[in-house]
Amino acid sequence: MASVGSEEEAGTEVIPLAVKILIAGGFGAGKTTLVGSVSEITPLSTEEVMTEASLGIDDLNGVEEKTTTTVALDFGRITISDGVVLYLFGTPGQDRFWFMWEELAQGALGAVVLADTRRLETCFHAVDFFERRGVPFVIAVNRFDGAHAYTEHEVREAIGTGPDVPILMADARSRESAKDVLITLVEHVMTHHTPAVTG
Amino acid sequence: MHSGENRLGALPSRLPRGADEGAEPQPGDSLPDAAAGPLVRPYTMTGGRTRPGSIELDLISVVVAARQHVEQGTLEPEHEAILQLCRRPLSVAEISAHLDIPLTVIKVLLGDLISRGAVLARAPLPTAQPPQMNVLQAVLDGIRRL
């Protein structure tokens with residue numbers, strides 16, 4: 001007790017504040033590409049392990065054969081300053097990993113929904129989720145070669161979001177474009193600075 | 001039949017407008033489960049524990065090794081690997097990725113190290129509060145500088 005975590009030790013360590021932005025969208029919409037375009041590190045992949053119990057089945061205590069399954073999460077990092085680090089997390093693209101979104105969304109500054117107009121419906125779940133949770137988000141239409149160029153208006157109509165949600169055209173491979181997307185999001189968060197809905 | 005029309009025609013609509021086509025197809029569904037990785041039992045190295053005691057850690061909790069000495073003999077190899085890694089501040093997610101150990105397990109191991117005073121943690125922003133304006137401004141400036 002006497003030696004553990006003395007103020008001298010703690011006081012000399014500067015531990016930065018970490019914040020996160022989520023990059024959501026359907027499978028193959030370009031989430032990891034966008035993260036890689038702005039991240040200072042090659043995107044890393046980590047795994048969350050799901051046990052049966054954390055899926056909501058609590059009766060398995062004491063049962064030896066607990067099966068687990070893993071969800072991969074890709075993320076990147078941007079050091080903002082000595083005191084602040086920003087992490088960009090791609091959301092799992094498969095619907096069966098929906099449970100992961102809750103933890104990801106907790107405390108997130110906001111989210112980018114990457115839309116692929118060749119299969120726009122794959123981003124609808126993300127839009128639903130962020131609307132319901134009150135997580136501020138922007139929609140970035142990732143331009144894929146050969147895809148029909150829809151207008152912002154057409155995309156807004158199809159997704160059915162209000163005029164307050166920014167929609168912009170983007171190229172996830174481009175650093176400048178990816179920066180624009182993130183800047184649009186943070187500015188959006190700052191102008192709609194209302195308390196996040198929790199729970 | 002109608003899937004051909006979707007490519008160049010009207011975009012599917014998110015909100016229900018009578019037609020339910022476009023609501024159901026989910027390309028992710030056809031992916032093999034193997035994409036999620038193999039089934040594993042990772043809790044051998046945590047002695048079967050799945051929760052990091054009383055210490056609340058999430059994906060972006062930032063931790064750093066304390067300067068104080070911990071008797072090496074009492075640590076598992078995974079604990080020592082974590083201590084080596086976080087001589088500079090790192091998030092839980094980064095430690096997990098670098099060591100290729102699942103997040104849940106890393107949280108338990110970090111909990112051990114924190115309770116011994118070998119690792120110091122900084123919690124992320126309180127989730128119930130919106131982020132501070134000055135943090136948002138710093139993030140905005142930082143992204144612009146990239």
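Trainee: Which residue just after α3(B) takes a positive phi?

Mentor: Before the answer, a word on what you are looking at: this is a predicted model, in which local features need pLDDT of at least 70 and side-chain atom pairs count only at pLDDT 80 or more, while totals for chains, interfaces and linings use all residues. Residues are numbered from 1 along each chain as its sequence is written, and chains are lettered from A and ligands numbered from 1 in the order in which they are written. The residue is B:D100, with a positive phi of about 55°, although B:D100 is not a glycine. B:D100 lies in the loop between α3 and α4 (103-115) of chain B.

Trainee: Is B:D100 buried or exposed?

Mentor: A residue is buried if 20 or more other C-beta atoms lie within 10 Å of its own, exposed if 12 or fewer, and partly exposed in between, with C-beta atoms placed from the backbone. B:D100 has 9 other C-beta atoms within 10 Å, and is therefore exposed. Helix α3(B), by contrast, is mostly covered, since six of its eight residues are buried, and these are B:V92, B:A93, B:E94, B:I95, B:S96 and B:A97.

Trainee: At what angle do α2 and α3 of chain B pack?

Mentor: Helices (H or I, at least four residues) and strands (E, at least two) are DSSP runs, numbered from the N terminus. Axes are lines fitted to C-alpha atoms, for helices over the stretch in contact, and angles run from 0 to 180 degrees between N-to-C directions. Helix α2 (residues 77-85) and helix α3 (residues 92-99) of chain B pack at about 120°, with their axes 11 Å apart. That makes α2(B) oblique to α3(B), where angles under 35 degrees count as roughly parallel, over 145 as roughly antiparallel, 65 to 115 as roughly perpendicular and the rest as oblique. Two residues are in contact if their C-beta atoms, placed from the backbone, lie within 7 Å; here B:A81, B:I82 and B:L85 in α2(B) meet B:I95, B:H98 and B:L99 in α3(B).

Trainee: How many helices and strands does chain A have?

Mentor: Chain A has six helices and seven strands, and of its 199 residues 46% count as buried. Residues 24 or more positions apart account for 74% of the contacts in chain A with a separation of 6 or more.

Trainee: Which residues of α6(A) are buried?

Mentor: An α-helix has 3.6 residues a turn, so residues three or four places apart point the same way. In α6(A), the buried residues are A:A178, A:V181, A:L182, A:L185, A:V186 and A:V189. Seen down the axis of α6(A), these buried residues fall within an arc of 125° (the arc of the directions from the helix axis to the C-beta atoms), so they line one face of the helix. On the other side of α6(A), A:E176 and A:T191 are exposed. What covers the buried residues includes β1 (17-25) and α2 (31-38) of chain A, together with α5 (133-145) of chain B.

Trainee: How do the axes of α2(A) and α6(A) cross?

Mentor: The axes of α2(A) and α6(A) come within 8 Å and cross at roughly 100°. That makes α2(A) roughly perpendicular to α6(A). Residues A:L34, A:S37 and A:V38 in α2(A) meet A:R175, A:A178, A:K179 and A:L182 in α6(A).
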